[in-house]
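Please open the model in your viewer and keep the sequence panel beside it.

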Amino acid sequence: KEVRTANEDQSLYEVCKIMQENNIGSVVITKRREEAENVAEAKAGTEPVGIITERHIVNKIALKLDPASYRSSVLELFASKIMSTPLITIFLFFSIRDSMDTMLQKNIRRLVVIKAPGHHAEKSEENSPNKVNTLIGIVTDKDIFKAIINNQDFMTEILADRSFISHKDLLER
């Protein structure tokens, strides 16, 4: 639940600093909400809109290694120019099984956990642009592996689940 974030107008250098200082591999990118209805909402005031991972940074720097195209410092780029978007998210009430399925389908290793306005949102991986969702946390493939290892009975149940038969070899590894 202790998710490290950066604003979409922060530089890549600042995002890298957050990763280094917190020994993490990703930072959720947020934007400020324009229409806060009360003080508490204004303090919370951010909405997750993207994510930057170590892989994004390596790829962006690799693209800029050609001296002919190196006109501005990569580290001065805004987070909004590097982040993955649309942000793939899961709602707070999703199961580990839902998370695993989404990660496998989307070929990703991290999912941002959100709470939709009113708590009555329907299950959906991607949010419509006119919704304002609240960042709750992040779940990674490592979090899921830890949960499985710490709950061996759960592992047996997952392997028996028909929806994961096609991924059984991956789960057994």
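This is a predicted model: local features need pLDDT of at least 70, side-chain atom pairs count only at pLDDT 80 or more; totals for chains, interfaces and linings use all residues.

Begin by selecting Pro-86, which sits in the loop between helix 3 (54–63) and strand 4 (89–91); helices (H or I, at least four residues) and strands (E, at least two) are DSSP runs, numbered from the N terminus.

Residues are numbered from 1 along each chain as its sequence is written, and side-chain values use heavy atoms, with hydrogens and water left out.

Now zoom out to the whole protein chain, where seven helices and six strands can be coloured, in the order β-α-β-α-β-α-β-α-β-β-α-α-α from the N terminus on. Of the 173 residues in the chain, 35% are buried, where buried means under 20% relative accessible area, exposed over 50%, and partly exposed in between (1.4 Å probe, protein chains only). If you draw contacts (heavy atoms within 4.5 Å), then among those between residues at least 6 apart in sequence, 58% join residues at least 24 apart.

Next, select Asn-23, in the loop between helix 1 (12–22) and strand 2 (26–32). Its phi is near 55 degrees, a positive value in a residue other than glycine, and Asn-23 is exposed, with a relative accessible area of 73%. Move on to Asn-107, in the loop between helix 4 (96–106) and strand 5 (110–115), which has a positive phi of about 55 degrees although it is not a glycine; Asn-107 is exposed, with a relative accessible area of 70%. As background to these backbone stops, most residues other than glycine have a negative phi, and most peptide bonds are trans.

Finish with the aromatic rings. Rings of Phe, Tyr and Trp (its six-membered ring) pair if their centres lie within 6.5 Å, and planes under 30 degrees apart count as stacked, over 60 as edge-to-face and the rest as tilted; the count by this rule is three aromatic pairs. Select Phe-91 and Phe-93, a stacked pair at 5.7 Å centre to centre with 15 degrees between the planes. Ring pairs link Phe-91, Phe-93 and Phe-94 into a cluster, in which Phe-91 is buried at 2% relative accessible area, Phe-94 is buried at 14%, and Phe-93 is partly exposed at 43%.
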